[in-house]
Amino acid sequence: MERESLCLYAGYSPKNGEPQTLPIYQSTTFKYTSTEEVTRLFDLKEAGFFYSRLGNPTVDAVEQKIAALEGGVGALCTSSGQAANAFAILNVASAGDHVVSSSTIYGGTFNLFAVTLKKMGIEVTFVDPDASDEEIQKAFRPNTKALFGETIANPRIAVLDIERFAAIAHRNGVPLIVDNTFATPILCRPFEFGADIVVHSTTKYMDGHALQMGGVIVDSGNFDWAASGRFPDFTEPDESYHGIVYTQAFGKAAYIVKARVQLMRDLGACQSANGAFLINQGLETLPLRIREHSRNADAVAHWLEKHPKVEFVRYPTLEGDPYHAAAQKYLPEGCSGVISFSLKGGREAGARFIDSLKMASLLVHVADIRTCVLHPASSTHRQLSDEQLIAAGITPGMVRLSVGLENLNDIIADLKQALEQA
Ligand SMILES: *Cc1c(COP(=O)(O)O)cnc(C)c1O
């Protein structure tokens, strides 16, 4: 099936007389008749549901749907995008290890990498994603376990050269982990360009309606953990599972099974059945929404670019945008609804503009059906120093605009009157 159909059918196929729509299995636990069956489940000799932290039928259906959309071998839903990114790294790196990451990433992920992982003994080196191969190569060490980047970097709207990043990662024997939140698998499937692991904040376009927090990790099944030689946790016995060896027992799904049975078991940031139901509701219409978001944003970006009060606009479909060529390769169907732009007059003008909007909402969110705006320097990226802000591609007067599904004329009318006030 193509992606539009997968959005409707993947992960759940009702049999005769069963509900047409995905049921909410609102149960923490699942009943068995013999201890032997439960033992087999606990030994990972058999797949089945026994406790909703580790697996739930509603959540499982959504995991299968997202895995199918990305073209992966398996997925793991988490309670938020932050949890997905934390698990994605912790599944390959532990104290004493090192990770290389693009510097232009979501502020929350930047904090996770620069502060919290550091406290846990995992060091992250940030690199300019547009630096030369040689320069990025310099960041790698013998204990490096992953390379990380975002398809469309939030909030700079920089498009990652996934193929180049994958080649660099693989040359060093580590997986490329890509946060594909803004693009969604409808606009870009990073596995097709060599990424090994994809993560999402499902809180954004997948849900799309500002209803439910969530994250997901998807495993391409393509990374050869044994051949790399850098991942003993995958190739040597796990004593917490009676000496199971993940690469031997689960083959191509080693990474995603390990994330579930070690990290979800021990850290517990699981998605709920009700939450998964809401995400599924969003996924069903994702192709329609993301294309319409992209069309509206393209028109808004072109309109903003011509406005005398606007200093610059970042949106990859603009001719002069530094990521125009990258977008044509990686995002041929559109670049999502997220635009960033800066007003002449900096911080003050930016604030006045936002305060003057009548329809668009000021909120800490993005990728929603309703147009919303945010001032990164005073909110999501507030913890960053000025140098870190610049490294993340943010100016003090930058506004992040998430273009919704309202009529284009209404969106532009609102921006127009607010710009007049700015
Ligand atoms: C929002 C976001 C996250 C974090 O996700 P939450 O669901 O808010 O925890 C991670 N990466 C990107 C690109 C995001 O936009």
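In this predicted model, helix H7 is followed by Gly173, a residue whose phi is positive, near 70°. Helix H7 itself spans residues 162-171, and within this helix Ile162, Arg164, Phe165, Ala166, Ile168 and Ala169 are buried. These buried residues of H7 pack against elements from several parts of the chain, which are set out below with their residue ranges.

| Element packed against by the buried residues of H7 | Residues |
|---|---|
| Strand E2 | 98-102 |
| Helix H6 | 133-138 |
| Strand E4 | 144-150 |
| Strand E7 | 176-179 |
| Helix H15 | 324-330 |

A pair of helices can be considered next. Helix H14, of residues 286-305, packs with helix H18, of residues 408-421, at an angle of about 30°, and their axes lie 10 Å apart. Because angles under 35 degrees count as roughly parallel, H14 and H18 are therefore described as roughly parallel to each other. The crossing of these two helices, H14 and H18, is right-handed. On the H14 side, Asn296, Ala299, Val300, Trp303 and Leu304 take part, and they meet Leu408, Ile411, Ile412, Leu415, Lys416 and Leu419 in H18. Sorted by class, this contact of H14 with H18 comprises nine nonpolar residues, one polar residue and one charged residue.

The nonpolar cores complete the picture. The largest nonpolar core holds 87 residues, of which Leu331, Ile339, Phe341 and Phe353 touch the most other members. Leaving aside residues up to four places away in sequence, Phe341 touches Leu304, Val310, Phe312, Val313, Phe353, Gly397, Met398, Val399 and Leu401. Apart from this core lies another, of 48 residues, including Leu112, Val199, Ala253 and Ala254.

Conventions
Residues numbered from 1 in each chain as written. Predicted model: local features only at pLDDT ≥ 70, side-chain atom pairs only at ≥ 80, totals over all residues. Heavy atoms only, no water. Buried < 20%, exposed > 50% of the residue type's maximum accessible area, 1.4 Å probe, protein only. Helix = DSSP H or I, 4+ residues; strand = E, 2+ residues; numbered from the N terminus. Contact = heavy atoms within 4.5 Å. Axes fitted to C-alpha atoms, helices over the stretch in contact; angles between N-to-C directions. Parallel < 35°, antiparallel > 145°, perpendicular 65-115°, else oblique. Left-handed = near helix turned anticlockwise from the far one by under 90°. Nonpolar A, V, L, I, M, F, W, Y, C, P; charged D, E, K, R; others polar. Core = buried A, V, L, I, M, F, W, Y, C linked by side-chain atoms within 4.5 Å.
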